[in-house]
Amino acid sequence: MRCLGSRKNQREYRCDQRTDWSFTEGSKKQAVVLNGRPAITHFKVLERFADYTLVSCRLETGRTHQIRVHMQYIGHPLVGDPLYGPKKTIHGNGQFLHAQELGFEHPRTHELMIFSAPLPEVFEKTLRTLRVNQSLES
């Protein structure tokens, strides 16, 4: 998984925070909660920009909105995320979160299934713009 989060991240980070549904301010969304289900996400910084950071995420668990909730929890919400992200952000077609590779064991054959996909053009274009306008050392 690749995601673009705002502000600077550590080089590598492990978020081990339980998540579950939360009902606040009249809305239902996932949140980090004490009695939630275990959720573990590993983050690795790939590239830094002045206001954003490109990170790679590896999931140990697969909870609903897990990456989005954990990124918000550590103070680096996803760009373009209408539910967990900042109000002011880069313009695009929704959140800048991309599943570069997904893998799982087939439930019947037990064969490891792996699927990959290139970054969408809007993601690539945004990265090119950031590299020109907000370049920092990785």
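Which residues in H2 are buried? The model is predicted, so that local features need pLDDT of at least 70 and side-chain atom pairs count only at pLDDT 80 or more, while totals for chains, interfaces and linings use all residues. Residues are numbered from 1 along each chain as its sequence is written, and side-chain values use heavy atoms, with hydrogens and water left out.

In H2, the buried residues are Phe123, Thr126, Leu127 and Leu130 (buried, under 20% relative accessible area; exposed, over 50%; partly exposed, in between; 1.4 Å probe, protein chains only). These residues cover an arc of only 100° around the axis, which puts them on the same side of H2 (the arc is that of the directions from the helix axis to the C-beta atoms). Glu121, Lys125, Val132 and Asn133, on the other side of H2, are exposed.

The structure holds two aromatic pairs (rings of Phe, Tyr and Trp, the last by its six-membered ring, with centres within 6.5 Å; stacked, planes under 30 degrees apart; edge-to-face, over 60; tilted, the rest). Phe96 and Phe123 form an edge-to-face pair, at 5.5 Å centre to centre and 65° between the planes. This pair links distant parts of the chain, 27 residues apart: Phe96 lies in the loop between helix H1 (66-73) and strand E7 (97-98), and Phe123 in helix H2 (residues 121-133) (helices, H or I, at least four residues, and strands, E, at least two, are DSSP runs numbered from the N terminus). Phe96 is buried at 2% relative accessible area, and Phe123 is buried at 3%.

Phe104 and Phe115 form a stacked pair, with 6.0 Å centre to centre and 25° between the planes. Phe104 is partly exposed at 41%, as is Phe115 at 44%.
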